[in-house]
Structure formats: C-alpha cells, structure tokens
Amino acid sequence: MVTLMVARQVSVGRVGAVVGRNVGALRSGASYWLVLVSGFFEPLLYLLSIGVGVGALVGRIPLGDGRVVSYAVFVAPAMLAASAMNGALAETTFNFFFKMKYAKTFEAILATPVRPIEVALGELTWAMVRSSFYTAAFLLVMAVMGLAEPWWALAAFPATMLVGVAFGAAGMAVSTFLRGWQDFDLMTAAQFSLFLFSGTFAPVGGYPPVLAAVVQVTPLYHAVELVRGLALGRVEWALAGHALYLVVLAGLGLWVASRRIQRVLCS
C-alpha cells in the first residue's frame with residue numbers, strides 16, 4: 001500500500017528534470033570528467049596489483065561448487081562489485097551532501113513542483129549513470145583479460161546495477177544525517193573496512209567464525225557474492241537471497257532519504 005502511494009506521487013518527468021540538471025552541470029565542469037574517469041582506475045589497479053601480482057604467489061582458490069580458479073578470477077568479480085559501490089557512493093555522499101548542505105541545490109529544486117521523493121530518485125538515477133560507467137568498463141577489461149566468459153559478464157551487469165542502486169540509496173540516507181565534512185572520515189573508514197573484509201580478497205569461510213558471522217550481514221558481502229556467482233557462472237538459489245538483501249537495502253535507503261530531505265529542507 002505504501003509503495004503504491006509513493007508510486008502515485010512520483011512523476012517521471014520531474015525525476016528526469018533532476019537528472020537533467022546533473023547532466024547540465026556535467027557539461028559545464030571539465031574537472032568532473034577527470035573525476036569520473038579516474039574512479040575507474042582504482043579497482044583496475046587493485047585487480048592488476050593484487051589479483052594478478054599477488055595472485056602469482058597465492059595460486060588457485062577453490063569455489064563452493066568444487067571448481068578451482070586462479071586468484072585473479074576470484075578477485076575480479078569482487079573488484080567489480082566494489083567498483084559499483086564506490087561509483088554510487090561517490091555521487092550520493094560527497095556530491096549529495098554538498099548540494100544539500102552548502103550549494104542549497106535541493107532547496108531550489110523543491111521550490112518547484114518537484115517533491116522530495118523525486119529528488120531522491122533523480123539523484124539515485126544519476127548515481128547509477130556514474131556507477132554503470134565504471135562497471136561496464138571493468139566488465140570489458142575482465143572479458144578481455146579472460147577473467148570472465150563474455151556471456152556471464154553480460155549476466156553480471158544487471159547485478160552490478162542492483163549493487164549501485166542499493167549503495168546509492170543507502171549513501172543518500174546516511175548523508176542526510178551528516179553534520180559536516182569531518183563525519184566523512186567515519187564513512188570512509190566504514191567503506192574501506194567493507195572493501196577489505198567482505199570476502200573480497202579471501203573466502204569468508206577462512207575467517208574466524210565470529211568475524212565471518214559479522215561479514216555475512218554486511219551489504220558488500222552480499223554484493224560480492226551475487227556478482228561473483230553470476231560472473232563465474234554459479235547460478236544457485238543463494239543468489240536470490242543476496243539480491244533480495246540488496247533490494248531491501250535500496251528500498252529502505254530511498255525511503256529514509258526522501259523522508260529526511262523533506263524533514264530537513266521543507267520543515
């Protein structure tokens with residue numbers, strides 16, 4: 001019922017107008033293109049240095065279905081999931097916070113018929129444009145390097161979009177509670193911790209039991225498992241559970257973000 005009520009309040013045209021404003025800002029800012037392009041190279045360098053370089057020392061990694069793959073093949077899908085996360089969070093945290101807190105962009109937008117939920121959806125859509133740029137380029141690199149079959153790489157792309165939506169919505173929700181730039185230190189620390197301990201570089205089964213239990217409730221773990229499963233052709237029912245987790249995170253984040261925008265800027 002709540003979902004239907006929200007859907008009736010949303011205008012695709014007004015959401016598109018929010019996206020269009022971001023497109024206009026992109027065209028007028030050459031430096032933004034540099035930031036956009038540079039964000040692709042971080043996970044690529046991790047892949048080359050750790051996946052390929054350290055992988056020569058680690059050797060091969062056993063998968064849950066009995067297959068044994070090279071360390072680079074194991075790490076590459078995790079870097080892909082992390083790339084989707086980083087692309088979405090970069091847009092819905094730093095940029096979102098600046099537009100809400102300092103540039104007063106959202107206050108100007110809300111002076112028009114655009115509603116808070118449409119602002120949130122527009123910003124999330126724009127974050128997905130950025131995230132999909134990273135993931136599509138990274139998938140191409142994976143296919144060229146032989147780290148994923150082309151068809152399975154295509155199958156993994158929708159999963160990366162879901163990862164971007166989930167983290168983008170969560171990033172917006174968290175950003176509405178931040179008080180200043182200093183709070184981003186905590187967010188960066190949390191993001192980096194997720195990156196290191198979500199089964200990204202080693203199977204979670206090798207972690208101590210307590211740490212493994214903590215990792216398995218974190219969002220990047222589910223993102224990594226979903227993307228890795230599809231990229232490596234491991235289609236199993238557990239993937240549906242990982243996808244459901246991300247869908248719930250996306251819905252909750254979007255709901256909190258729209259409510260907070262209304263409370264902070266419209267009260």
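Where is Lys-104 found? Before I come to that, please keep in mind that this is a predicted model, in which local features need pLDDT of at least 70, side-chain atom pairs count only at pLDDT 80 or more, and totals for chains, interfaces and linings use all residues. Residues are numbered from 1 along each chain as its sequence is written, and side-chain values use heavy atoms, with hydrogens and water left out.

Lys-104 sits in the loop between helix 4 and helix 5 (105–110), where helices are DSSP runs of H or I with at least four residues, numbered from the N terminus. The phi of Lys-104 is near 60°, a positive value in a residue other than glycine. Lys-104 has a relative accessible area of 39%, so the residue counts as partly exposed, that is, between buried at under 20% and exposed at over 50%, with a 1.4 Å probe and protein chains only.

Turning to the helices themselves, helix 4 (residues 71–101) packs against helix 6 (residues 116–144) at an angle of about 155°, and their axes are 9 Å apart. Helix 4 is therefore roughly antiparallel to helix 6, a term used for angles over 145 degrees.

Helix 9 gives the largest share of the patch, 3 residues. Val-210 lies in helix 9, and Val-210 counts as exposed because its relative accessibility is 67%.

Note on methods:
Helix = DSSP H or I, 4+ residues; strand = E, 2+ residues; numbered from the N terminus. Axes fitted to C-alpha atoms, helices over the stretch in contact; angles between N-to-C directions. Parallel < 35°, antiparallel > 145°, perpendicular 65-115°, else oblique.
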